[in-house]
Structure formats: C-alpha cells, structure tokens
Amino acid sequence: MAEGQHKELAGGYSKTQRAVETCVLVVFAGVEVYLLSGLIGPLMPAHVVVLPVAMLLGYLGADFLSGMVHWFCDTWGSISWPLVGQTVLRTFREHHFDSKAITRHDFVETNGSNAAIGMVPMLCTLPLTPQESLWSWGAVLCGCTMSFFILMTSQIHKWAHSDEPPRPVAFLQRWNLILSPRHHDKHHTAPFTRNYCITAGWLNPVAEYFRVFPRLERLITLTTGVEPRKDPLSDQLIAELLRRLPPKAPLDATEVSASVEASAAVPQPRHP
Ligand SMILES: [Zn+2]
Ligand SMILES: [Zn+2]
C-alpha cells in the first residue's frame, strides 16, 4: 500500500504539467529579462544606495513567501483537492515522505510550479517606468529580485538536500547566504513544524520568536473549525510506516527514525 501510495505521489507529475511548466518558465525568463533591461541606464550615486536595499527586500520577500506557502501546504489541504492537490500539495507531501526525491527531479519539475507564482511580483511592477523616478527603479528591481528568488526557492531547497551541491552553492550555504542543510534539518526533525522559510531561512528565527505559524494555525482552527495536519493521506502513510516497523520497535522518535532507516528502504515518516 505504501509502495503504491509512494508511486501515486511520485507519479503525479504528468506530461501535460511538464509542458505547461516549461512554457511558464520561458515566459518567466522573458518577462524578467525585459524588466531588468529597462533598469539599465546612467547610474547615479542614489542608485548605488537603492540597489542593495531593493535586492535585500526582494530576497526577504521571497523568503517570507516561501515560509507562508510551505507552511500552508504542509499544514492544510489534501492531494485529493482539485488542481492544486496534484500540482502543488503533492510535491510537499512527497517531500516529507521521501525527502531525497527532490534531488532526483530535473530543472523543470523542481522549478516549474514556482515560476507561475514567481511571476506575480515582477508583473505587479510592469506598469512602472523605471527611469521615471528612483522609487519606481527600486520597485522594479525589488519585484524582479523577489520573482527570481521565488523561482529559485525549490532549487535552493533541493541543494539543501543534495549530498554534493555545486561548490559555489556549498560556499553560499556555509555562509548562510542561502538555505543551509543544517538550518533546514530542523524542519525535518520532530515536531516538523519549524523553519518553514526555505529560500534564505533568515526569517525563521523571527517567525519562531513571534510564534507566527502556531498563532495562525490557532486562528484558522478557531474561525473554521479545521484542525491542522489532518490530511487522511498522511495518516495512511504513517499507519503503513508503523505497520512496517519491526516488532517491539522503540517508540522514541529518534530511535524510530534510526530503526526505520535500518529496516531497508522504508520511506521517511512525514508529519504527524
Ligand atoms: Zn515541509
Ligand atoms: Zn526539505
């Protein structure tokens, strides 16, 4: 059952979805290049100040959005939902079922679904004329940076799970300039509800300090009555996982993980 379930999760990526995502990626690149080319012109000293600020805000915006989307997709909904169930939630469910699967995805499968949502910030700046004012120049740069890093979020996440990321990437990870494996490990450690931001990970301590996600979950449960992490599919996966554990398996979470890994190719447990 779990094997079939795994196939259902991993096999949900259809040829049609790949074709659509390839088109979206091409359009994304076109819009990004078009907008960035509009920024090229005579640089004034003020541009030099605005440039890092706009890029930093864009990067943080992508990190923030990665946290919100990741939290939502891990916490609410089911892959049986129409459209987003198979195209979006499926990848998040698969990831907690088999965290290395992402490393086996090619460029389109890894980044395609992010391209559509990633286009939103730069499309918002489309009506602005960058040369008109410093403000509009900064806004376009900020939108383009945010879009670029939303697109790159899954790639950065994939690198955080890769055993041997490219050298420049490993350098960026070591200096925490992008999501590092060590930082992201906390997300894959019980209770699996921390460090949702997966672009830079810089906003995770802030979210943790203000208990942003637990508070949002309480608010949603209070207003809708829906409990977080109640996807029947994940319950089935955990039931199957427990069934496969050897008799008298330890009940301590860490020991269970070790026991699962040792008991030949049983997939990782996803969220409780
Ligand atoms: Zn997750
Ligand atoms: Zn991960």
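Of the 272 residues in this protein, 32% count as buried. The model you are looking at is a predicted one. Among contacts between residues at least 6 apart in sequence, 67% join residues at least 24 apart.

Let's turn to one helix pair. Two packed helices are described by the angle between their axes and the distance between the axes. For helix 2 (residues 15–37) and helix 5 (residues 107–124), the axes come within 8 Å and cross at roughly 40 degrees. Helix 2 and helix 5 are therefore oblique to each other, and their crossing is left-handed. On the helix 2 side, the residues taking part include Arg18, Leu25, Phe28 and Leu35, and they face a set in helix 5 that includes Val108, Gly112, Ala116 and Met122. By class, this contact has 11 nonpolar, 5 polar and 4 charged residues.

Now for confidence. The protein averages a pLDDT of 84, and 80% of the residues score at least 70.

| Element | Residues | Mean pLDDT |
|---|---|---|
| Helix 1 (lowest) | 2–10 | 47 |
| Helix 7 (highest) | 167–174 | 98 |

Two stretches also deserve a word. Over residues 250–254 the pLDDT is below 50, and this stretch has 5 contacts in the model beyond near neighbours in sequence. Residues 263–272 likewise stay under 50, with 29 contacts beyond four places in sequence. Where pLDDT is low, the predicted coordinates should not be read in detail.

Terms used
Residues are numbered from 1 along each chain as its sequence is written. Chains are lettered from A and ligands numbered from 1 in the order in which they are written. This is a predicted model: local features need pLDDT of at least 70, side-chain atom pairs count only at pLDDT 80 or more; totals for chains, interfaces and linings use all residues. Axes are lines fitted to C-alpha atoms, for helices over the stretch in contact, and angles run from 0 to 180 degrees between N-to-C directions. Helices (H or I, at least four residues) and strands (E, at least two) are DSSP runs, numbered from the N terminus. Angles under 35 degrees count as roughly parallel, over 145 as roughly antiparallel, 65 to 115 as roughly perpendicular and the rest as oblique. A crossing is left-handed if the near helix is turned anticlockwise from the far one by less than a right angle, and right-handed if clockwise. Two residues are in contact if their C-beta atoms, placed from the backbone, lie within 7 Å. Ala, Val, Leu, Ile, Met, Phe, Trp, Tyr, Cys and Pro count as nonpolar, Asp, Glu, Lys and Arg as charged, and the others, Gly among them, as polar. A residue is buried if 20 or more other C-beta atoms lie within 10 Å of its own, exposed if 12 or fewer, and partly exposed in between; C-beta atoms are placed from the backbone. pLDDT is the predictor's confidence in each residue, from 0 to 100.
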